[in-house]
Amino acid sequence: SGDHKVEVTPLDKLPRHVGRKMPVDVLGVVVSIGPMGTIKRKADNTELPRRDVTLADSSGHSVVLTLWADQANRSDLDGCEGKVMQVTTVRVGDFNGCSLSAVTRSQVTLNPEGAEADALRQWWETDGRSAVLTPLGQANGGSGGGLGGSGSGGARANKLQFLSDVLVSCPENSLLENFEVLLAVLMRYECIGHVLWLWSSCQMDAIFVHPP
């Protein structure tokens, strides 16, 4: 995708993109990189490689990015801590409050050029390396918040709306075929937070529910 115009979204602005279908571009310093792992595809039972990378930027926040398949297998990821990484066309999800996932079209670049990358390197060398970073999920959900968290961050979701209130915000034409799924997800709302996911036949739609 050589025609893609990179527009970097600062990490602390990512939570507002949770649940949106539009992907974002991110730029961050690699704080840590996890071991190679795999998940099993339900479709054909094959193993899909995955690897988690924690990125940080000068906003003082960090976020976990999951790379898949060939992106996860890149040999230059080993020992890349402290390097700047640019990833285009990534999806923002609500796992652990806020996280990133690469897609097939994502482009991963280590040590990119440009003013933003240079500024980030300067920040890392002068302040970032010793800074206390706030994980985005933690910043989103309060102390102990995040997906399945049990701290004070969960207090925001201590009261469910009436089902009729939720249905008003349901994506048009997707309710009837998913009615049972919606009810099941509502039962877990206090653990999930502010976004409910609803499966349709071809995609996953987000329903935003704000506690009264």
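**Close-up views of a predicted model**

**View 1. Two tryptophans, W124 and W123, pair their rings.** W124 is buried at a relative accessible area of 8% (buried means under 20% relative accessible area, exposed over 50% and partly exposed in between, with a 1.4 Å probe and protein chains only). W123 is buried too, at 13% relative accessibility. Rings of Phe, Tyr and Trp (its six-membered ring) pair if their centres lie within 6.5 Å; planes under 30 degrees apart are stacked, over 60 edge-to-face and the rest tilted. The count by this rule is one aromatic pair. Because the planes of W123 and W124 stand at 55 degrees, with ring centres 5.9 Å apart, this pair is tilted.

As for the model itself, it is predicted: local features need pLDDT of at least 70, side-chain atom pairs count only at pLDDT 80 or more, and totals for chains, interfaces and linings use all residues. Residues are numbered from 1 along each chain as its sequence is written, and side-chain values use heavy atoms, leaving out hydrogens and water.

**View 2. T89 sits in strand β5, residues 84-93.** Strands (E, at least two residues) are DSSP runs, numbered from the N terminus. With a relative accessibility of 5%, T89 is buried. Beyond its neighbours within four places in sequence, T89 has contacts (heavy atoms within 4.5 Å) that include H4, D25 and R105.

**View 3. Strands β2 (residues 37-40) and β3 (residues 47-56) run antiparallel.** Four bridges join them; two strands pair if DSSP finds at least two bridges between them. Look for I39, whose bridge partner in β3 is L48. Six residues lie between the strands of this hairpin, where N45 takes a positive phi near 70 degrees.
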